[in-house]
Amino acid sequence: MKRSYLPFLMILSILISACSTEENTPENNDQPLLKSYKLSRDANGRYAIDVDLVEGAYTETYKDQTTNTNNIYAYQGDDNKAQSRSASKNNTLTLDNNRIEVDVYENNVQKNSIWVEDENIMLAKGEITHNFLESYSIEYLGGDQYVLDFNVQEGTSVSFEYNADENIYEVHLKEGTTNGTQFTKLYNKSPNLPLKIDFVNYILVNSQARSARSTESYAMTKTPRWGTEEGGLPN
């Protein structure tokens with residue numbers, strides 16, 4: 001009895017073709033690779049960005065010396081060159097002309113851009129300048145959500161305002177009755193608009209104002225300032 005192997009060969013050919021197509025398709029290219037990332041400054045003035053990745057993802061980082069932009073690339077798959085395969089990776093950052101810029105990519109597609117402008121609180125002799133703000137971090141949680149965490153010195157009055165004219169969320173810091181030293185606030189970025197956050201510091205400049213509160217005189221500084229790159233440079 002003569003057997004025909006044609007149907008079997010056709011099925012085998014289809015299976016091989018399907019496997020080949022699947023292997024050539026990038027794995028999870030449409031899936032988010034970043035769970036979150038956090039830009040922080042500690043009490044000593046050191047800056048870092050911490051990246052939390054999904055399982056199986058890895059990052060590559062480099063700094064564009066021409067634009068002074070820190071580029072973070074997240075990829076899905078194996079990285080034979082990576083020294084660390086942990087799901088969380090910390091990178092130290094430095095201020096360039098009082099500014100840090102970070103661009104975040106997933107599979108070579110740019111997802112986020114953030115910047116911060118701040119003073120370098122470390123003086124030449126290693127002394128630390130004294131101001132209201134001690135440390136802070138801003139974490140991207142995905143979607144349009146960001147959370148701000150910060151610590152201030154004792155005796156600092158903290159209030160939150162929104163500057164509608166400039167579309168800036170402001171954190172006002174001033175000497176006064178303390179309402180705590182550790183604060184957390186969640187921000188939701190409006191679609192197609194940048195998110196900007198300014199710390200507004202009020203420094204008492206009139207030495208006689210302490211005994212005559214009605215004539216207090218303050219110098220106002222805005223530092224640090226933070227935002228998404230859609231807004232461009234701060235005013």
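Start by selecting lysine 174 and tyrosine 202: the charged end of the lysine sits over the tyrosine ring, 5.9 Å from its centre. Keep in mind as you look around that this is a predicted model.

Now select lysine 185 and tyrosine 187. Here lysine 185 lies over the face of tyrosine 187, at 5.9 Å from the ring centre.

How many aromatic pairs does the structure hold? There are 15 aromatic pairs. One of them joins tyrosine 73 and tyrosine 105, which are stacked, with 4.4 Å from centre to centre and 10 degrees between their planes. Colour the strands and you will find tyrosine 73 in strand β4 (residues 69-76) and tyrosine 105 in strand β6 (residues 99-106), so this pair ties together parts that are 32 residues apart in sequence.

Are these two tyrosines buried or exposed? Tyrosine 73 counts as buried, at 15% relative accessibility, and tyrosine 105 is buried too, at 13%.

Move on to phenylalanine 160 and phenylalanine 183. Their ring centres are 6.5 Å apart and their planes meet at 65 degrees; because angles over 60 degrees count as edge-to-face, this pair gets that label. Phenylalanine 160 belongs to strand β10 (residues 156-163) and phenylalanine 183 to strand β12 (residues 182-188), so the pair ties together parts that are 23 residues apart in sequence.

For the last stop, select Tyr58, Tyr62, Tyr73, Tyr75 and Tyr105 together. Ring pairs link these tyrosines into a cluster.

Technical notes: Residues are numbered from 1 along each chain as its sequence is written. This is a predicted model: local features need pLDDT of at least 70, side-chain atom pairs count only at pLDDT 80 or more; totals for chains, interfaces and linings use all residues. Side-chain values use heavy atoms; hydrogens and water are left out. Rings of Phe, Tyr and Trp (its six-membered ring) pair if their centres lie within 6.5 Å; planes under 30 degrees apart count as stacked, over 60 as edge-to-face and the rest as tilted. Helices (H or I, at least four residues) and strands (E, at least two) are DSSP runs, numbered from the N terminus. Buried means under 20% relative accessible area, exposed over 50%, partly exposed in between (1.4 Å probe, protein chains only). A charge sits over a ring if NZ of Lys or CZ of Arg is within 6 Å of the ring centre and within 35 degrees of the ring normal.
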